[in-house]
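This briefing is intended for a reader who is meeting the structure for the first time. Please keep the sequence and the model in view while reading the points below.

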Amino acid sequence: MTQISKTRIATSDPVNICKGLALFPQIGTSRAGVSVSSNSGNLFNTNDTLLLWRLSANAGFEIFMGVCGPAYGVRMDLEGKAENRTIELTVSNDELAAGFFIGCNVRLYFNIILDENTPHWVWDGWNSHLELQWERLAVLRPEIRVDMIDLILTVIRLALDEQGSKDTLLQKANSITPALLGTWGLYDDRANTFVSNGGKMIVKPTFNIPIDIVSRVPALNAVNEALKPFFCRFSAGFQIGVQIPVTVEMKKVKLDTTEYTGLAFKDGKVSGTSTGNDPDSPREIKVELDHTPGFDLTLGVFANLNLCKLFNINASEFIPVLSQLGIKVKLGTYPNELSNTIGSTNITACGCGQEDGAALVDVIFEKPEGLAI
Amino acid sequence: MATRRDFIKGLGGALGAVVLTSSCGSGGGTAGSPPVPIPNGYRFFRIISSGDSLPGGNTLAAIPGVAMLNDRSEVYFYGSDQTEANGFYELLMDFSGSRPTLLQQRRVVREGDRLRDSKTVSQIQMADVNNRGSFAAILHTDDNLSGLYLEREKQGFEPIAGYLTKLPDGKGRFGAIFGDVDIHTNDDILMVAHFAPHDSVQGQQGLFHLPGGEVSQKGRIVASTTDLIPEAGGFLTGMGLVDLHDDGNFVLQAYGTSSENIFRKQLEKGGALNGRAGSMLINGSVKDPFSKVLGSASSSLKVRKTAAARTGFSVGELKYGPRIGGKNNAAFITHVNETHLVLYYNSRQVVSTGARSPLGEVITSFSAPVVGSDGLLYYQVVTDKGLELIVYNGKDSKTILSKDDTVDGSVLRSFFFGLMTEQVDSSGRVVLTGDFEDGRSSLIVGIPI
């Protein structure tokens, strides 16, 4: 009989997504990586005469963002024995965290000019008369640069609490690149679920929320204050949607070169069988983890200006975040191996074949024609 | 030489102002039943002016142009007081005498008001009334969130839908942004709002029908962004102003992008994401999701030939709020370009910029129209010489009020009409706001004679 002292298997300890395994790796790469991207666009540009008013309005945006992940980090302690070509391990202190960290700076600029056609007396002797002339009522040119995630943090946390999903966490972290004002992580972290889930760990960090930022940014709020007397309203904001369902499953256990497969989970233990002999004094325990990820990230920018029920202009843009960041999604199941010296609970390295640089995975977009009537 | 019209104008101070309607030639005409006759004249009265007292003791400082009325003789207006707080006020009028009499006035909602849900109003974003006297409003509150509120029978505002309220079908939640709202008979509400469906990570904008003014299983999403544009290739990307009428018929100002533009953007990597959606008019019924048709569309959208060939279909941008009246007759204005506007009603062109008004002046701009319950169409034009308020019956157009007319003894210098959908009641009374020679702004009611 071979005794296996308690051994810790992990990507890092404590679990850290940025030091974890990439959810969408190509063959030969597995590191989470950091990606950055920038983008800009116009939202609307209009010049309209509305009765006695003349409105000139344009708006645009620039976005700079960086992402760490999407990735998962995992940790578990294994202890047990191998006998008669059967291994039996007790799994404890398991933890899985999956998600990604994102920093997003946004620069929004607006030009709103409102003129009014007001009557003026024109002195011209016998031809003196009243004439309508344009007078400038307001010139509003706010420009802001904000840490977008920081700005909407309160609203997002409120959303997560309201939905009862206390497991889905959004926290500020150290910035992942100097150019970002802040970095926020969206991830789901479950502890001690491995055995109760029959050898699977499942997390599903999700949120999807449209947010109006105008009243939360003083420069933009000043625009609305100026427009209030005219029963005019300006809205601008973001729609953010993220979902990263991840299932991680233990598929094989190796003691040195002896491989145990057909893993079964029962009564808090995992057991498997081998076609080879149980090693006498194995030095290393290796665990193969298969993960099946999903990932969807949408970022929309919108702006709306309405004057009573008379006039409305509305614009929105959805940004293909994944392709902008060089992240491509290929659905499937990916294997990874984690190992440690038997008896050690010290995690000094991921042991997961790290390479430099973010990995790109192929993505396929559906052509719109396929969706039309 | 003084005309009969000048004589009547001179008597205006004593009688309110009796304005004889000035007729113009045919505006198109409609086949079928004879057109509703346009009243021979209107009497106009100033019923409240800047400087007057408001309920609660404040003084009315300005009336920017928003006014509504219903069949209960309730007149509503949006104004600011001397503290620069804006609010809606209601005047209960008696129209039975020789001039309108104020019976009662109250404050409906004002910035700074505390609501039933303990929130404080910071801005009134949108509002509408119906013939029950119910008042629906989109209110922005001190927690930096917006929501739909409804006041039934003057009992105070109850919150109906707000941030994270579950959708009528329970499959998602409302977001933090609410758009236009319209309320009709039985307190049925049509509302534009952002929402987050459970099964999608992309938030959407939707047109919600809330029967009885409540979020319940009877409510539904009538249209949403990512829907296909009816009768065209492409997807809806946004929604603007909406009007709801009898039998659940509605008109919606919407925005969309053609399929080609969507595919082109997906292929681009990096670079600016320019791509302005085109606007359109969607006409439909809340009772039938397949009833939606296009009334107009931007030239950037590829419209089916059957729709483009339809009588009254127009190509151009829809920047003004569309209106709908009885018999599902839509009234809307198309911007062919930035200066060329065309007004349509009941599938016919009524007037365009560059044409002559009933008073013979060249029209340079006009307001969104208002449809009366008898089918008469009311709209304001700006001409190279002034302003006119016009009534159209499908055949004739007549000016019922113009700049420099005298109302209650003072000369009218400018006025605003058409900023809201409910500005004409079933008796043909009209409400608008105006600026006078005496320096005061007033709420004006016109009564047909």
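In the hairpin formed by β6(B) and β7(B), four residues lie between the strands, and B:E84 adopts a positive phi near 70°. The model described here is predicted.

- Strand β6 of chain B covers residues 74–81 and pairs with β7(B) in the antiparallel sense, over seven bridges.
- Within β7(B), B:Y89 is the residue opposite B:F77.
- Strand β7 of chain B, residues 86–94, is mostly covered, with seven of its nine residues buried.
- Strand β8 of chain B, residues 101–110, runs antiparallel to β7(B), and eight bridges join the two.
- The hairpin that joins β7(B) to β8(B) passes through six residues.

**Nonpolar cores**

- The largest nonpolar core contains 119 residues, and the residues with the most contacts inside it are A:F231, A:F234, B:F88, B:F135 and B:M191.
- Strand β4 of chain A, residues 53–83, contributes the largest share of this core, namely seven residues.
- Apart from this core lies another, of 29 residues, which includes A:I4, A:I87, A:L255 and A:V270.
- Leaving aside neighbours within four places in sequence, B:F135 is in contact with a set of residues including B:M68, B:Y76, B:F88, B:V108, B:Y149, B:L150 and B:F157.

**Residue A:T258**

- A:T258 is placed in strand β14 of chain A, which spans residues 258–266.
- The side chain of A:T258 reaches the backbone oxygen of A:N277 at 3.2 Å.
- Beyond its neighbours within four places in sequence, A:T258 is in contact with A:V253, A:S274, A:N277 and A:P279.

**Residue A:R8**

- A:R8 belongs to strand β1 of chain A, residues 2–10.
- Although 333 residues separate A:R8 from A:T341 in sequence, their C-alpha atoms are 8.5 Å apart in space.
- Setting aside neighbours within four places in sequence, the contacts of A:R8 include A:D13, A:R75, A:D77, A:N93, A:N340 and A:I347.

Key: Residues are numbered from 1 along each chain as its sequence is written. Chains are lettered from A and ligands numbered from 1 in the order in which they are written. This is a predicted model: local features need pLDDT of at least 70, side-chain atom pairs count only at pLDDT 80 or more; totals for chains, interfaces and linings use all residues. Side-chain values use heavy atoms; hydrogens and water are left out. A polar contact is a pair of N or O atoms within 3.5 Å; within protein, one must be able to donate a hydrogen and the other to accept it, and residues adjacent in sequence count only if both atoms are side-chain atoms. Contact means heavy atoms within 4.5 Å. A nonpolar core is a set of buried Ala, Val, Leu, Ile, Met, Phe, Trp, Tyr and Cys residues joined through side-chain atoms within 4.5 Å. Buried means under 20% relative accessible area, exposed over 50%, partly exposed in between (1.4 Å probe, protein chains only). Two strands pair if DSSP finds at least two bridges between them.
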